[in-house]
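Student: I would like to learn how to read a protein model step by step. Could we take one feature at a time, with the general idea before the particular case?

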Amino acid sequence: MRYAILGDIHSNLSALTRVLEDISTQSVDCLVSVGDVVGYGGSPSECIELLRSHKAVVVKGNHDAACVGELNEATFNRYAREAVHWTRNVLPKADLDWLRSLPLQVTLEHCQVAHGSLNEPEAFEYIRTTRDADPSLELMTSPVAFVGHTHMPIALMRLLEPAGATAYAPQLDVDLRESDRCLVNVGSVGQPRDEDHRTGWVLFDSEAQSVRMTRLEYDIEAAAKQIRDANLPRMLADRLYLGV
Ligand code: ZN
């Protein structure tokens, strides 16, 4: 089975369209989103529509939760908060209901999916270090799990030797047979923060036991214009060019 795993999309229709175009050439069986479909960008409803039409498996991110009042956006920075308020006002009820219906965590046939962490998905914790990853690695019942939230691609591996030790790899080109289990952060489709402005997606091939990320140039200007036209904070457009 071949899975396409999409990191935080954040209402960036231009990036999502580019990623889906590439995925359509790769005989993928199942589309998965690790959440934060909305927030920051100018096209929330269009992104939701695309995921629904592709029958994607989607978990709920913190921005998705904030838009439907399940998380207090007072904890967000000013720009994120403004985007939450704007998104909440422009989304039709059907889209808000869909966001509300999303699960916090999903176990599929070959992998597990959550937004922040597996151990406390409702807390939306950030996994940045091997130590942060350990509670999730302990709980894993599949050889691989996928998360997002930090917008930084990274693989965190529970090693076979020395057994119980955790290591990390910043390049997402992973042979799952080389570790006991692996927690993969798939980065972000719509707002990459690893100083690489390109969008991207992750292919997980359960037969080949491989995980590989592809990065792609996309029409950033179109995404930036949608943010400016919506009168969202300009900073949210500017950062797309820098990948921060
Ligand atoms: Zn996010």
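This is a predicted model: local features need pLDDT of at least 70, side-chain atom pairs count only at pLDDT 80 or more; totals for chains, interfaces and linings use all residues.

Student: What is the phi of Ser-27, and how should I read it?

Tutor: The general idea is that most residues other than glycine have a negative phi, and that most peptide bonds are trans. Ser-27 is not a glycine, and yet its phi is positive, at about 35 degrees. Its relative accessibility is 55%, so Ser-27 counts as exposed.

Student: Which loop holds Glu-195, and what is the phi of Glu-195?

Tutor: Glu-195 has its place in the loop between β10 (179-185) and β11 (199-205), and its phi is near 60 degrees, again a positive value in a residue other than glycine. With a relative accessible area of 68%, Glu-195 is exposed.

Student: You also mentioned peptide bonds; is the one from Glu-161 to Pro-162 cis or trans?

Tutor: That peptide bond, from Glu-161 to Pro-162, is cis, and its omega is near -5 degrees. Pro-162 itself lies in the loop between β7 (154-159) and β8 (166-169).

Student: Let us turn to the metal. Which residues coordinate the zinc ion?

Tutor: The zinc ion is coordinated by OD of Asp-8, NE2 of His-10, OD of Asp-36 and NE2 of His-151, at 2.1 to 2.4 Å. The angles subtended by the 4 donor atoms around the zinc ion run from 86 to 176 degrees, and therefore the arrangement is irregular. To count as tetrahedral, four donors would need all their angles to lie between 85 and 135 degrees.

Student: Now for the helices: how are two packed helices described?

Tutor: Two packed helices are described by the angle between their axes and by the distance between those axes. In this model, the axes of α1 and α2 come within 9 Å and cross at roughly 20 degrees. That makes α1 roughly parallel to α2. The contact involves Leu-13, Leu-16, Thr-17 and Leu-20 on the side of α1, and Glu-46, Cys-47 and Leu-50 on the side of α2. The crossing of this pair, α1 and α2, is left-handed.

Student: At what angle do α7 and α8 pack?

Tutor: Helix α7 (residues 220-229) and helix α8 (residues 234-242) pack at about 170 degrees, and their axes are 8 Å apart. α7 and α8 are therefore roughly antiparallel to each other. Among the residues that make the contact are Ile-220, Ala-224 and Ile-227 of α7, and Leu-236, Leu-240 and Tyr-241 of α8.

Student: And how do α2 and α5 pack?

Tutor: For α2 and helix α5 (residues 93-101), the angle is about 60 degrees and the axes are 11 Å apart. α2 and α5 are therefore oblique to each other, and their crossing is left-handed. Ser-45, Ile-48, Leu-51 and Arg-52 in α2 meet Ala-94, Asp-95, Trp-98 and Leu-99 in α5.

Student: Is Ile-48 buried or exposed?

Tutor: Ile-48 has 0% relative accessibility, so this residue counts as buried. Not counting residues up to four places away in sequence, Ile-48 touches Val-37, Val-38, Leu-91, Asp-95, Trp-98 and Leu-99. The C-alpha atoms of Ile-48 and Val-37 are separated by 6.9 Å, although the two residues are 11 residues apart along the chain.

Notes
Residues are numbered from 1 along each chain as its sequence is written. Side-chain values use heavy atoms; hydrogens and water are left out. Donors are N, O and S atoms within 2.8 Å of the metal (3.2 Å for Na, K and Ca); water is not among the atoms, so sites may look incomplete. Four donors count as tetrahedral if all angles lie between 85 and 135 degrees; four count as square planar and six as octahedral if opposite donors are over 155 degrees apart and all others between 65 and 115; anything else is irregular. Axes are lines fitted to C-alpha atoms, for helices over the stretch in contact, and angles run from 0 to 180 degrees between N-to-C directions. Helices (H or I, at least four residues) and strands (E, at least two) are DSSP runs, numbered from the N terminus. Angles under 35 degrees count as roughly parallel, over 145 as roughly antiparallel, 65 to 115 as roughly perpendicular and the rest as oblique. A crossing is left-handed if the near helix is turned anticlockwise from the far one by less than a right angle, and right-handed if clockwise. Contact means heavy atoms within 4.5 Å. Buried means under 20% relative accessible area, exposed over 50%, partly exposed in between (1.4 Å probe, protein chains only).
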